[in-house]
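Some notes on the side-chain packing follow. Please read them with the coordinates open.

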Amino acid sequence: MGYYMAKPLTMAKLRARIARDPETMAKLTQDLQGQTEFVLDAENYKRPKSAAPSPLLEPWYQMKSFAICHTDKLTEELFSREVIGRLKDGYRFLLPYYDYFITLDGDPDPRESGSIQLVI
């Protein structure tokens with residue numbers, strides 16, 4: 001899950017959303033760092049686009065694109081019933097990230113000052 005080859009506007013919207021509400025992304029970041037199933041894989045800009053609200057959130061301000069992913073060796077677990085619980089837990093863990101990112105395209109363009117968002 002993430003943004004492969006994200007448009008610069010998409011990542012600008014992400015930075016603007018984090019700036020408006022840093023607590024939500026801080027919680028998501030802490031949850032991601034506090035588990036071992038998924039990792040954040042990112043391609044970074046050469047220079048940060050803007051200053052992050054906290055050191056915890058700095059990596060998000062450097063990203064050009066990113067994915068929250070899981071890689072593992074092929075094991076017998078994949079062919080057992082135990083994998084079902086692991087998959088359910090994984091999707092349950094990822095749901096708040098999905099909810100956060102799925103609406104990002106609808107955010108106002110941060111480059112336009114005074115922009116408004118109409119919600120119907």
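1. Contact here means heavy atoms within 4.5 Å. On that basis Glu37 touches Cys69, His70 and Arg86, with residues up to four places away in sequence not counted. Please keep in mind throughout that the model is predicted.

2. Where is Glu37 found? Glu37 lies in the loop between H2 and strand E2 (39-44). Glu37 counts as partly exposed because its relative accessibility is 25%, and buried would need under 20%. Glu37 and Arg86 are 49 residues apart in sequence, yet the C-alpha to C-alpha separation is 9.4 Å.

3. Next, the aromatic rings. A pair of aromatic rings is described by the distance of the centres and the angle of the planes. The rule asks for ring centres within 6.5 Å. By this rule there are eight aromatic pairs. One of them is Phe66 with Phe101: the centres are 5.1 Å apart and the planes stand at 55 degrees, so this pair is tilted. The pair links distant parts of the chain, with Phe66 in strand E3 (residues 63-69) and Phe101 in helix H4 (residues 82-102), 35 residues apart.

4. Tyr100 is itself buried, at a relative accessible area of 8%.

5. Which residues do the ring pairs link into a cluster? The cluster holds Tyr3, Trp60, Phe66, Tyr100 and Phe101.

6. Arg17 belongs to helix H1. With 11% relative accessibility, Arg17 counts as buried. The charged end of Arg17 sits over the ring of Tyr100, 5.0 Å from the ring centre. The side chain of Arg17 also reaches the backbone oxygen of Tyr100, at 2.3 Å. Please inspect that distance in the coordinates. Not counting residues up to four places away in sequence, Arg17 touches Tyr100, Thr103, Leu104 and Asp107.

7. Now the core. The largest nonpolar core has 22 residues. Which residues have the most contacts inside it? They are Leu14, Ile18, Met25, Trp60, Phe66 and Phe101. Helix H1 (8-20), helix H2 (22-33), helix H3 (58-62), E3 and H4 each supply at least two residues of this core.

8. Leaving aside neighbours within four places in sequence, Met25 is in contact with Leu14, Ile18, Leu57, Trp60, Tyr100 and Phe101. Trp60, Tyr100 and Phe101 also belong to the ring cluster.

9. Finally, helix H1. What is its reach, from first C-alpha to last? H1 has 13 residues and spans 18 Å, close to the 18 Å expected at 1.5 Å a residue. Its buried residues are Thr10, Met11, Ala12, Lys13, Leu14, Arg15, Ala16, Arg17 and Ile18. The buried residues of H1 pack against strand E1 (2-3), H2, H3, E3 and H4.

Terms used: Residues numbered from 1 in each chain as written. Predicted model: local features only at pLDDT ≥ 70, side-chain atom pairs only at ≥ 80, totals over all residues. Heavy atoms only, no water. Phe/Tyr/Trp six-rings, centres within 6.5 Å; stacked < 30°, edge-to-face > 60°. Helix = DSSP H or I, 4+ residues; strand = E, 2+ residues; numbered from the N terminus. Buried < 20%, exposed > 50% of the residue type's maximum accessible area, 1.4 Å probe, protein only. Lys NZ or Arg CZ within 6 Å of the ring centre and 35° of its normal. Core = buried A, V, L, I, M, F, W, Y, C linked by side-chain atoms within 4.5 Å. Expected span 1.5 Å × (residues − 1). Polar contact = N/O pair within 3.5 Å; in protein donor to acceptor, adjacent residues only side chain to side chain.
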